[in-house]
Amino acid sequence: MEVQSQPKNSENGKSNEDTNTHPDIIKPYLKDYCPASNLAFNEKVRQMIADGQKVYHLAFGQSPFPVPEGAVKELKQHADENLYLPVQGLLKLRTTICDFHAKLDGLTHFTPDNVIAGPGSKELIYLLLAVYNGDVMVLSPSWTTYKPQTLLAGLKSIILETKQEDDWRLTPDILEQVILENKLGPNRLLIMCNPDNPTGTSYTAEHLKALSEVFRKHKVIVLSDEIYSRTHFEDNHASLAKFYPEGCILSTGLSKWASAGGWRFGYHIYPSELSVLKQAVCSAASHTYSCAAAPVQHAAIWLHEWSEEVKDYVVHERRILQAAARFCHRELTSVGVKAVMPTAGYYMFPNFEILRPALKARGITTGTQCVDAIFNEAHVALMSGGPAFQRPVEEFTVRLCFINFDGTNALKGSRKADPKVPLGDEFLKEYCPQLVEAILSLKKWVLLQLENGTA
């Protein structure tokens with residue numbers, strides 16, 4: 001299974017490189033630049049499913065749930081609004097966002113002027129990197145886009161290796177060591193995700209307080225990607241902006257907790273201390289996307305007003321995801337696969353190192369070869385931890401997305417169930433059968449490798 005391939009000329013089958021009449025047209029540092037691996041793989045797998053092939057798709061972080069009905073109504077109601085809006089977003093939107101974070105995260109220091117809305121937080125992260133002048137630090141593992149965006153902006157990434165025994169969290173010691181060993185310049189930017197993609201881990205208040213001491217000591221600016229914050233299973237998300245307000249840029253949006261990935265809406269909140277950086281991003285926004293789509297901004301206002309409808313939606317979304325996470329973690333760890341229990345979001349980051357001897361005997365020595373074997377033999381689509389998520393290519397870590405189910409039907413089922421009782425296996429078998437089948441198929445494949453490896 002090839003996840004990435006060079007584009008071909010549809011007429012003669014030759015690669016674009018073969019017919020390129022301008023060999024130096026791409027900047028040298030982008031020579032090997034590739035499309036986002038998760039998006040490319042998702043398109044490939046979805047086409048296979050459409051063609052009737054049996055595939056359990058656990059490789060893409062798309063919310064399985066519908067957008068809340070009230071937001072859809074707001075979008076329709078404002079569909080005829082066609083005027084350009086302020087670059088930073090509607091004042092009412094930015095005010096509502098500030099109230100939202102004050103209420104849910106205890107962040108009372110933000111003002112509407114600190115907020116900039118855009119067509120997805122992904123776009124805003126790139127614009128930040130495009131105007132920023134300094135060193136960039138990226139975690140391993142981390143989301144597939146941080147490092148490529150850094151490269152696209154003409155910057156280099158310094159990789160901070162986290163450890164499974166630390167639940168894949170950045171620690172003060174790791175941060176301190178990397179800063180001292182790399183002789184960084186005066187401007188230092190760290191990108192971190194909390195709750196995390198791809199590991200499902202998250203940081204407590206205590207973790208963030210300890211990290212903030214090192215951030216403050218070394219004057220590190222932190223882009224805190226908190227796009228999964230509202231999906232925290234126990235509803236106790238801790239934001240870095242509360243403990244390091246002067247140096248934290250808060251990044252989030254509607255793609256995950258509101259299931260509106262295709263609507264492309266996100267926002268950043270800059271501290272007043274970084275107003276120069278915010279203004280540069282606003283200027284870049286004015287020359288690129290101009291403004292977030294008007295109808296989507298009105299729907300975003302409704303969502304951030306945090307009505308009873310939205311609260312109910314998020315409560316059931318969380319409990320379904322938690323049940324899925326528990327099932328996946330229990331079943332895979334029961335056969336020796338190592339994994340950190342997810343605390344939020346859609347992801348788990350299992351390590352199939354227990355299969356190293358058995359797979360080596362088959363000539364399988366890299367993560368990509370491992371997920372290819374799983375795909376071909378168990379029909380489960382996963383993404384290898386390396387290189388896309390910045391892990392070593394020989395490591396057997398994978399990102400597993402436990403969202404292969406009908407979210408609309410699952411929400412109905414959760415609302416019918418006893419709200420005081422956690423959802424269990426019977427719920428998953430009835431409302432998330434494809435996910436259950438996928439995990440059991442993967443578990444069976446692991447057992448088969450172990451059996452054949454000792455035969």
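**Note on the predicted model: sheets, helix packing and selected residues**

1. Strand E2 (residues 115-118) pairs with E8 in the antiparallel sense over four bridges. Helices (H or I, at least four residues) and strands (E, at least two) are DSSP runs, numbered from the N terminus, and two strands pair if DSSP finds at least two bridges between them. Within this pairing, Ala117 stands opposite Tyr267 in E8, and the bridge partner of Ile116 in E8 is His268.

2. Residues are numbered from 1 along each chain as its sequence is written, and side-chain values use heavy atoms, with hydrogens and water left out.

3. E2 and E8 belong to an open sheet of seven strands, in the order E2-E8-E7-E6-E5-E3-E4, with mixed pairing. E2 and strand E4 (157-161) stand at the edges with a single partner strand each, so one side of each is left without a neighbour in the sheet. From one strand to the next the twist averages 20 degrees.

4. Strand E8 (residues 266-269) is covered on both faces: Gly266 and His268 on one side, and Tyr267 and Ile269 on the other, are all buried. Here buried means under 20% relative accessible area, exposed over 50%, and partly exposed in between (1.4 Å probe, protein chains only). In a regular strand the side chains alternate between the two faces of the sheet. E8 also pairs with strand E7 (residues 248-253), in the antiparallel sense and over four bridges; Gly253 stands opposite Gly266 there.

5. Strand E6 (residues 220-225) is mostly covered, six of its six residues being buried. Val220, Val222 and Ser224 point one way from E6, and Ile221, Leu223 and Asp225 point the other way. Strand E5 (residues 188-193) and E6 pair in the parallel sense over six bridges, and Asp225 in E6 is the bridge partner of Cys193.

6. Which strands does H3 lie across? They are E2, E7 and E8, and H3 runs at about 70 degrees to E8. H4 packs on the sheet as well, touching E2, strand E3 (135-140), E5, E6, E7 and E8, and its direction makes about 45 degrees with that of E8. Axes are lines fitted to C-alpha atoms, for helices over the stretch in contact, and angles run from 0 to 180 degrees between N-to-C directions.

7. Leu129 lies in helix H4 (residues 121-131). Leu129 counts as buried because its relative accessible area is 0%. Leaving aside neighbours within four places in sequence, Leu129 is in contact (heavy atoms within 4.5 Å) with Val136, Tyr146, Gln149, Thr150, Ala153, Leu155, Leu189 and Ile191.

8. In helix H14 (residues 407-416), the residues Gly407, Ala410, Leu411, Gly413 and Ser414 are buried. Viewed down the axis of H14, its buried residues fall within an arc of 165 degrees, so they line one face of the helix; the arc is that of the directions from the helix axis to the C-beta atoms. The face turned away from the buried side of H14 carries the exposed residues Lys412 and Lys416. The cover over the buried residues of H14 includes helix H11 (308-333) and helix H15 (425-431).

9. The axes of H11 and H14 come within 10 Å and cross at roughly 100 degrees. H11 is therefore roughly perpendicular to H14, given that angles under 35 degrees count as roughly parallel, over 145 as roughly antiparallel, 65 to 115 as roughly perpendicular and the rest as oblique. The contact is made by Asp312, Tyr313, His316, Glu317, Arg319 and Ile320 of H11 and by Ala410, Leu411, Ser414 and Arg415 of H14.

10. A further open sheet has three strands in the order E9-E12-E11, with antiparallel pairing. Its edge strands are E9 (347-348) and E11 (383-384), each pairing on one side only. Two bridges join E11 to strand E12 (residues 398-401), and Arg399 in E12 is the bridge partner of Met383.

11. His78 is found in the loop between helix H2 (69-77) and helix H3 (91-105). At 13% relative accessibility, His78 counts as buried. Not counting residues up to four places away in sequence, His78 touches Pro295 and His298.

Conventions. This is a predicted model: local features need pLDDT of at least 70, side-chain atom pairs count only at pLDDT 80 or more; totals for chains, interfaces and linings use all residues.
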